[in-house]
Amino acid sequence: MVELPEFGVLLGRLLAHRRADPATVARAAGVSVPELDAVLAGGHASALLLRRLAPALGLHTADLFVIAGHDMPTDLAPARGTRPWHVGHVMRSAMRVFGKRFDRLHEFICSLPVRLPAEPLPPPTRSAAGPGALVMGLLANRNIRPHIAQLLYFVGDGPYVSDSTIYRVVHGDSALTARYVTAFAAVLGVPAGDLAALTGVGPPVDTARLYPRRAELAAVAWDARRLNSEQLSQVQQLAFDLAQVARR
């Protein structure tokens, strides 16, 4: 099984894809050029460097911790133990409401207080499952479980497959293809080219029929990632009520 490269290689791929000069990125992040060069050469990336580097790269800080394979700090961690709910359910429900009703749902999500995860965060695991595990880590960082075949299909024009197939893809038991990468990127709210560079699988499918409101949907997912099961249930109920009103 092919293992995912170390963080320095992944970061180098991302910068190369963006045609970004490492020295310029280092200055934007407020870190020294030699420090960033050392990371690109395979050196350790400290938590402080990741926190400074993420905004300069236009990434969520928590996502950069996932990409680096670092333990997730508590202040950045998504919710855990929210069964039966997860943010994939919220995304599917949000797709049924539009306009001001969608905005109301998003505002409600943002109004809910953030609480500490109900379960401890597991250590990062990715190398054994290759590039699919990086996708799995980014999904988990949004409290989205990999049983989302339908969501991938409708949001990112993913293959028409079963949830169990998606599970095998992110666990490295089935191939991660360019079409999957394009679909996962749409659900995650990251540029498909970035995800292709990080996973080494691409280029993205430029003919994919992507969901028009995918950016707004990804923003809802990100803002819901730290909600507990009770809060997610409240969001689900509001989404259902708003959808019912729209049908009248």
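## Helices H7 and H13

The crossing of H7 and H13 is left-handed, a term used when the near helix is turned anticlockwise from the far one by less than a right angle, with right-handed used if it is turned clockwise. In this predicted model, local features need pLDDT of at least 70 and side-chain atom pairs count only at pLDDT 80 or more, while totals for chains, interfaces and linings use all residues. Residues are numbered from 1 along each chain as its sequence is written, and side-chain values use heavy atoms, with hydrogens and water left out. Helices (H or I, at least four residues) are DSSP runs numbered from the N terminus.

Helix H7 covers residues 99-111 and helix H13 residues 214-224, and the two pack at an angle of about 20 degrees with their axes 9 Å apart; axes are lines fitted to C-alpha atoms over the stretch in contact, and angles run from 0 to 180 degrees between N-to-C directions. H7 and H13 are therefore roughly parallel to each other, given that angles under 35 degrees count as roughly parallel, over 145 as roughly antiparallel, 65 to 115 as roughly perpendicular and the rest as oblique. On the H7 side the contact (heavy atoms within 4.5 Å) is made by Phe102, His106, Ile109 and Cys110, and on the H13 side by Glu216, Leu217, Ala219, Val220, Asp223 and Ala224. Sorted by class, this contact of H7 with H13 has seven nonpolar, one polar and two charged residues, where Ala, Val, Leu, Ile, Met, Phe, Trp, Tyr, Cys and Pro count as nonpolar, Asp, Glu, Lys and Arg as charged, and the others, Gly among them, as polar.

## Helices H5 and H8

The axes of helix H5 (residues 61-68) and helix H8 (residues 131-140) come within 9 Å and cross at roughly 150 degrees, which makes H5 roughly antiparallel to H8. H5 passes H8 in a right-handed crossing. Asp63, Val66 and Ile67 of H5 meet Leu134, Gly137 and Leu138 of H8, and the residues of this contact divide into four nonpolar, one polar and one charged.

The structure holds two cavities of 30 Å³ or more; on a 1 Å grid over the protein atoms alone, a cavity is a set of points where a 1.4 Å probe fits but cannot get out, a pocket is an open set with protein on both sides within 12 Å along at least five of seven lines, and lining residues have an atom within 4 Å of a point. The largest cavity contains about 70 Å³ of space, a volume being the space filled by probe spheres set on the points. Its lining consists of Leu59, Asp63, Ile67, Leu138, Val190, Asp194, Leu195 and Leu198, with the largest share, three residues, coming from H12.

The second largest pocket has a volume of about 160 Å³ and is lined by 13 residues, of which Ala186, Val190, Ala192, Leu210 and Arg214 lie nearest its centre. Helix H11 (178-188) supplies the largest share of that lining, three residues, and the lining as a whole has nine nonpolar, two polar and two charged residues.

## Backbone geometry

Most residues other than glycine have a negative phi, and most peptide bonds are trans. The peptide bond from arginine 83 to proline 84 is cis, with omega near 5 degrees, and proline 84 lies in the loop between H5 and helix H6 (87-94). Arginine 19 has a positive phi of about 55 degrees although it is not a glycine.
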